[in-house]
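Here's a quick briefing to read with the model open beside you. Topics run from the whole chain down to single residues.

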Amino acid sequence: MIPGKEAVLATMQRVAPHVHRTPVLTATSINTMVGGDVYFKCENFQKMGAFKMRGATNAIAQLSAQALEKGVATHSSGNFAQALALSAKAKGIKAYIVMPNSAPTIKKTAVLGYGAEVIESGPTLKDRETMLEQVIEKTGATFIHPSNNMDVILGQGTAAHELIEEVPALNYIITPVGGGGLIGGTALATHYLSPTTKVIGGEPFGADDAYHSLKAGKIIPPENPQTIADGLRTALGDQNFPIIQQHVTEIIRVEEEEIIAAMRTVWERMKIIIEPSSAVALAALLRNKEQFKGQRVGLIVSGGNVDLNQLPF
């Protein structure tokens with residue numbers, strides 16, 4: 001069941017007092033490269049450095065007092081782990097986070113810093129899910145999925161909601177695609193608040209399950225995704241996929257070199273730190289720039305949590 005406009009508006013009211021209203025930035029040099037007007041919705045300036053704070057905040061706000069007592073749990077390679085940990089801390093409840101042993105050290109350190117309990121698992125999605133089941137059985141915590149949970153999806157859509165309020169009459173909004181929470185929430189908010197705006201996803205060739213799923217009309221899980229965009233190595237879910245099918249126009253795939261070049265462009269031209277997953281949206285725009293010539297394009301900069309010891313340039 002796809003939520004209606006009332007749910008989108010109610011989510012914005014619920015989430016707004018607890019998150020930053022992030023800035024929208026522009027760069028003349030990037031506009032020149034594209035031949036259009038590009039508006040960067042900078043969720044790298046969000047609390048904990050990524051848009052995922054929005055979804056975690058909304059999901060926790062919907063829990064009963066009984067559920068809150070036992071805390072929350074999730075599995076995540078980084079950004080949602082930090083978001084849930086910080087949201088739980090703000091609410092004064094316990095958070096249990098299953099993180100793969102391959103997750104960046106900077107992200108593990110941040111999660112621990114927010115007071116959550118980190119439980120390490122093997123690197124695969126199956127490893128994470130198995131470990132999470134054990135944690136939930138032991139603690140009774142409520143599982144909040146990083147992307148396949150409608151409260152999370154609606155929360156993530158508040159970034160696009162703010163962008164549309166600040167920059168009306170956009171022709172396109174482009175987001176990276178990983179688990180589908182951001183693009184699903186963006187597509188919902190855009191559908192109700194700016195129906196003429198098209199929503200497009202950017203995805204690495206090395207983790208292009210959303211591209212294939214959209215073409216096939218059913219979820220095709222990723223097989224051993226390989227990409228520098230570590231936040232996008234996840235699978236779509238049955239909650240967000242129907243929204244993507246109905247309200248996302250297309251998915252543009254990009255090469256690893258294009259992701260690195262886009263990331264570097266933002267660092268150099270805009271003087272802001274973005275992570276590789278965020279750069280995928282700009283990489284998609286630059287790859288197909290003829291399509292966006294003369295257009296007003298919003299980009300959701302999903303996050304800025306970079307391990308400075310592992311820079312790709």
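This is a predicted model: local features need pLDDT of at least 70, side-chain atom pairs count only at pLDDT 80 or more; totals for chains, interfaces and linings use all residues.

A residue is called buried when its relative accessible area is under 20%, exposed when that area is over 50%, and partly exposed in between, using a 1.4 Å probe and protein chains only. Residues are numbered from 1 along each chain as its sequence is written, and side-chain values use heavy atoms, with hydrogens and water left out.

**Overall build**

- The protein has 14 helices and 10 strands; these are DSSP runs numbered from the N terminus, with helices being H or I of at least four residues and strands being E of at least two.
- Its radius of gyration is 18 Å, close to the 20 Å that the globule rule gives for 313 residues, so the protein is as compact as a globular protein of that length. The radius is taken over C-alpha atoms, and the rule is 2.2 Å times the number of residues to the power 0.38.
- The C-alpha trace spans about 55 × 45 × 40 Å along its principal axes.
- Of the 313 residues, 57% count as buried.
- Among contacts with a separation of 6 or more, 73% come from residues 24 or more positions apart; a contact means heavy atoms within 4.5 Å.
- The protein exposes about 12800 Å², and carbon and sulfur atoms supply 50% of that. Accessible areas come from the Shrake-Rupley method with a 1.4 Å probe, and for residues only the protein chains shown count as cover.

**Pockets**

- On a 1 Å grid over the protein atoms alone, a pocket is an open set of points with protein on both sides within 12 Å along at least five of seven lines, whereas a cavity is a set where a 1.4 Å probe fits but cannot get out; lining residues have an atom within 4 Å of a point. Points are joined across faces, edges and corners, and a volume is the space filled by probe spheres set on the points.
- The largest pocket has a volume of about 690 Å³. It is lined by 30 residues, and the closest to its centre are S77, S102, P225, D230 and R233.
- That lining holds 15 nonpolar, eight polar and seven charged residues. Nonpolar covers Ala, Val, Leu, Ile, Met, Phe, Trp, Tyr, Cys and Pro, charged covers Asp, Glu, Lys and Arg, and the others, Gly among them, are polar.
- The second largest pocket holds about 440 Å³ of space. K52, S147, G179, G231 and T234 are the closest to its centre out of 35 lining residues.
- Helices α5 (79-91), α7 (125-139) and α10 (181-193) are the elements giving two or more residues to the second largest pocket's lining.
- By class, the second largest pocket is lined by 11 nonpolar, 18 polar and six charged residues.

**Cavities**

- There are two cavities of 30 Å³ or more.
- The largest cavity has a volume of about 50 Å³. Its lining is A7, V8, T11, L154, G157, T158, H161, G185, L188 and A189, with α1 (5-15), α9 (158-166) and α10 each giving two or more residues.

**Residues to look at**

- Most residues other than glycine have a negative phi. M48, in the loop between β2 (37-42) and α3 (52-61), has a positive phi near 60°.
- K271 also has a positive phi, of about 60°, although it is not a glycine. K271 sits in the loop between α13 (256-270) and α14, and counts as exposed at 67% relative accessibility.
- H75 is in strand β3 (residues 72-75) and is buried, with a relative accessible area of 4%. Leaving aside neighbours within four places in sequence, H75 is in contact with V98, L125, R128, E129, L132, F143, H145 and P146.
- S29 belongs to helix α2 (residues 28-34) and is partly exposed at 27%. S29 and R269 are 240 residues apart in sequence, yet 7.2 Å apart in space, C-alpha to C-alpha.
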